[in-house]
Amino acid sequence: MSADQITPIIGVVPGLVSDQEIVRLRENYCQAVIAAGGAPIVLPVTEDVTVYEKLLPLADAFLLTGGSDVDPRLYGDRVEVYEPKSYAEDDARSAVTQPSPRRDNVEELVLNFAYQRNMPVLGICRGAQMLNVHFGGTLYQDLSDQMENPEDDESLVISHWQGVSFDKATHAVTIKPFSQLWDILNATAMNVNSMHHQGIRDLAPNMEAVAFAPDGLVEAIEATDRSFMIGVQWHPEFFRKSKRSERLFRAFIQYARESHKERMEQRGEQVAERRLHITLGSHDLRAWAQAEIDDSEFKAKA
């Protein structure tokens, strides 16, 4: 089996509402991975490291999703306290959430694991911010309070929290020529959505800024010392059927296939895919509940 025929497994880190013990994930993250040719698995958020010892080696790449604020203590900043009730309902700060150290810990473990093995990582919104923080960068805790607006040109002042549907683009970003992202998207500019009150401030030593909003805020980063470790501040999963977002996810999945191939070769194994044979009476998903499962088929197929 060639690497191009492999369906790579993508480990997806979900959001966590700590005070309610709820794991949260928008469906469109997984749908974007599936449409690009990957098979997403949602990782649990637990303090039991033995779970990750079992799960992380199964993945070929990792997707870090959006969600709650990254704990400021991870980048040496004090914890700011905002009062959501003092802002309009559609203002980003009305949705400020308390940091989730448990989720932060899982993502740091995932990034450490992926970095050491040169495995692909795509970070979206908060995921891009965590990429930067994990490797030594910092964030603006609140853009409206901490980021200086461009001088003498009101046309450059934008809102990073859109009050319209997330599948609508609200501002442009410029993309650095000859960057990896530029090569993937085949574009020097594109229109994106925007739904965040935090953003990248100081770059991590191994990260390069490769896309910018009109006000100068960093909108995308990529690792200079790994094959594919990219973070974008916008949410491409809402535009997964658009040409450029499709190119980003397809590139991510292709790198995941190569990751699978390299790891198999390092083990001296054939490039293979493990499959469980399930005989369905129909194509209805409900039929899985009573499907005949043949465990003998759960083996590597070259």
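Two residues are in contact here when heavy atoms of theirs lie within 4.5 Å. In this sense, and leaving aside neighbours within four places in sequence, Asn-132 is in contact with Gly-137, Thr-138, Leu-139, Ile-200, Asp-202, Leu-203, Ala-204, Met-207 and Ile-221.

The model is a predicted one, in which local features need pLDDT of at least 70 and side-chain atom pairs count only at pLDDT 80 or more, while totals for chains, interfaces and linings use all residues. Residues are numbered from 1 along each chain as its sequence is written, and side-chain values use heavy atoms, with hydrogens and water left out.

The protein has seven helices and 15 strands, where helices (H or I, at least four residues) and strands (E, at least two) are DSSP runs numbered from the N terminus. Of its 302 residues, 46% count as buried; buried means under 20% relative accessible area, exposed over 50%, and partly exposed in between, with a 1.4 Å probe and protein chains only.

The table sets out two residues, with polar contacts (pairs of N or O atoms within 3.5 Å, one able to donate a hydrogen and the other to accept it, where residues adjacent in sequence count only if both atoms are side-chain atoms).

| Residue | Location | Side-chain polar atom to backbone oxygen |
|---|---|---|
| Asn-132 | helix α4 (residues 126-134) | Asp-202, 3.0 Å |
| Ser-242 | loop between β13 (229-232) and α7 (243-266) | Phe-239, 2.7 Å |

Asn-132 counts as buried because its relative accessibility is 0%, whereas Ser-242, with a relative accessible area of 30%, is partly exposed.
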